[in-house]
Amino acid sequence: MKHAEISRKLSAYLENALGTGEKEDIKRHLGSCGLCREELANLEWTLGHLKSLPAVEPPTWLKAKIMAKVHDTAASQPGLRRKLLFPLQVKLPLAAIAIVFLGVVGYYLARTVGLQVPQSVLSPAAREETTRPATAPPAARQGPGVAPASPLGSHVPPDASMVPPDLPLHLPEAQSAAPVLPSGHSLPAQPMEGTRLRPADEENVPELETAPHPVKEGKAVSSGTVQRKKRSAVALPADELEITLIVDDPAAAEEPIKKAVTRLGGRITGRAYNGGDDLLFTQIEGQKVPELIDRLRRIGTMQEWPQVPEGTSGSVELTIRW
Amino acid sequence: MSKYRHTTTDEDSALVASWRSGELASFEALVAKYQKRMFTIAVRITGDYEASCEVVQAAFVAAYRGIDAMRGSARFSTWLTGITVTHCRNLLEQAPVASPTRARLVQATLHEKLQDCIKTLPAELREAIVLRDVQDFSFAEMCDILTVPEGTVKTRLFQARVMVRDCLKQAVGEPR
């Protein structure tokens with residue numbers, strides 16, 4: 001080993017950081033080289049001084065200042081650090097649990113929502129049909145000109161132009177009397193409450209301007225808006241009678257009709273318009289009805305008249321329509 | 001005998017784990033334990049007491065922020081020393097410290113002269129001689145800290161010792 005090379009290795013030799021072979025070579029060389037021995041001694045002297053350097057005491061405020069800076073750092077990004085620093089072995093299971101939970105919730109919601117038919121899917125008529133009880137609404141209560149509802153529940157006036165705008169909508173309760181049926185006819189169904197039901201009329205009506213109204217027992221019911229072309233005597237309950245007149249001037253016929261009723265001791269209980277017909281609600285002695293019919297025949301053509309059963313006593317509710 | 005123990009004790013592992021889980025008090029305990037050692041390294045490398053305060057603060061804050069960068073097998077003391085040495089190097093690159101004058105070398109005490117001799121070295125030689133001869137790090141640890149091969153560490157160490165020897169000879173005279 002050359003002198004220069006040995007000189008470079010003295011530092012490592014000094015720290016016993018050489019292999020056995022190199023160490024022996026240098027040891028042999030040092031035995032014969034005073035210069036290398038002096039250089040080795042100088043290195044030992046230098047190392048001795050370097051190792052004597054003491055530790056330097058930091059200022060007393062250094063730790064507090066360091067922690068203040070660390071706290072500022074922690075306060076600026078606490079949540080983000082926690083999210084970033086969460087080890088994968090915690091994040092992955094949490095993510096898996098979250099995915100499973102979301103899947104279960106989504107499945108449950110899909111099943112729950114899927115069983116309900118959205119209201120927007122149904123037509124408005126169907127929606128109303130599903131929410132409305134299966135009874136025919138009273139025609140009078142629907143307002144003037146309101147046609148019987150379709151099977152789907154729509155309430156479309158057959159002819160709105162025929163409806164006076166100022167018609168009151170008030171019909172006494174007992175205005176659902178059916179006309180007396182001529183012999184051979186039978187009363188198919190009881191009139192609906194508050195409606196002017198004429199089961200027999202339905203058979204005579206050539207056409208309905210609106211679809212039949214869904215009614216109990218499946219019969220389409222005219223709720224008073226249909227123009228009746230042909231009338232006949234219909235048997236109604238004795239206390240609910242109706243007379244239908246055809247007059248030339250409906251407005252002019254009102255006073256004579258009222259006088260006919262009052263002169264026989266009857267009284268006017270109400271006045272209404274319904275589907276273009278004038279209605280006069282009266283109370284009169286049952287025995288006076290035939291005489292009233294005779295008087296009304298002088299005012300107009302009797303289209304419908306009640307057949308008062310024999311032995312009827314007391315007052316009867318009579319509706320005169322013209 | 002080494003003045004310092006550069007092994008990760010069970011205490012360090014527990015403190016680091018606690019710190020990782022969010023316990024700031026654990027990090028404070030690590031600061032208390034290593035602030036003097038890091039400050040000494042910074043002073044010996046930079047030769048500037050005031051600048052070393054800033055270096056150590058920055059090193060600990062960087063360690064706090066960069067905990068995820070620490071390998072699981074690394075020792076905290078070694079890892080922290082590497083951060084401190086890097087900050088010292090950055091400081092020297094930004095504001096090189098002037099070498100002491102001959103007069104200064106004559107008037108100062110022995111330790112001051114020795115420190116002044118270290119300051120005459122280039123940054124990489126200062127790091128090698130301070131870490132090995134002042135702080136007694138092993139060659140393996142120095143390789144981790146300086147991220148250079150062991151041969152490079154030994155070469156730098158030899159050059160640094162020779163230069164300090166020559167500087168010290170001028171400052172205090174020939175060794176007796």
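Are C117(B) and C167(B) buried or exposed? Both are buried, where buried means under 20% relative accessible area, exposed over 50% and partly exposed in between, with a 1.4 Å probe and protein chains only.

Before going on, the conventions. This is a predicted model, in which local features need pLDDT of at least 70 and side-chain atom pairs count only at pLDDT 80 or more, while totals for chains, interfaces and linings use all residues. Residues are numbered from 1 along each chain as its sequence is written, chains are lettered from A and ligands numbered from 1 in the order in which they are written, and side-chain values use heavy atoms, with hydrogens and water left out.

Back to the cysteines. A search of the whole structure gives 1 disulfide over all chains, a disulfide being a pair of cysteine sulfur atoms within 2.5 Å. The partners are C117(B) and C167(B), with an S to S distance of 2.3 Å. C117(B) sits in helix α6 (residues 110–119) of chain B and C167(B) in helix α9 (residues 150–172) of chain B, so the pair ties together parts 50 residues apart in sequence. Helices here are DSSP runs of H or I, at least four residues, numbered from the N terminus. The torsion about the S-S bond is about -80°, so this disulfide is left-handed.

What about C36(A)? Its sulfur is 3.4 Å from the closest cysteine sulfur, in C33(A), which is too far for a bond. C36(A) is buried, at a relative accessible area of 0%. C143(B) also counts as buried, at 16%.

Next, the cores. A nonpolar core is a set of buried Ala, Val, Leu, Ile, Met, Phe, Trp, Tyr and Cys residues joined through side-chain atoms within 4.5 Å. The largest has 65 residues, and F60(B) and F76(B) have the most contacts inside it. Its largest share, 11 residues, comes from helix α2 (residues 24–46) of chain B. Apart from this core lies another of 20 residues, including L280(A) and I320(A).

Last, helix α10 (residues 250–263) of chain A. Its 14 residues reach 20 Å from first C-alpha to last, close to the 20 Å expected at 1.5 Å a residue, that is, 1.5 Å times one less than the number of residues. Its buried residues are A253(A), E254(A), I257(A), A260(A) and V261(A). The face turned away from the buried side carries the exposed residues A251(A) and R263(A). Just after α10(A), G265(A) takes a positive phi of about 90°.

How values were computed:
Helices (H or I, at least four residues) and strands (E, at least two) are DSSP runs, numbered from the N terminus.
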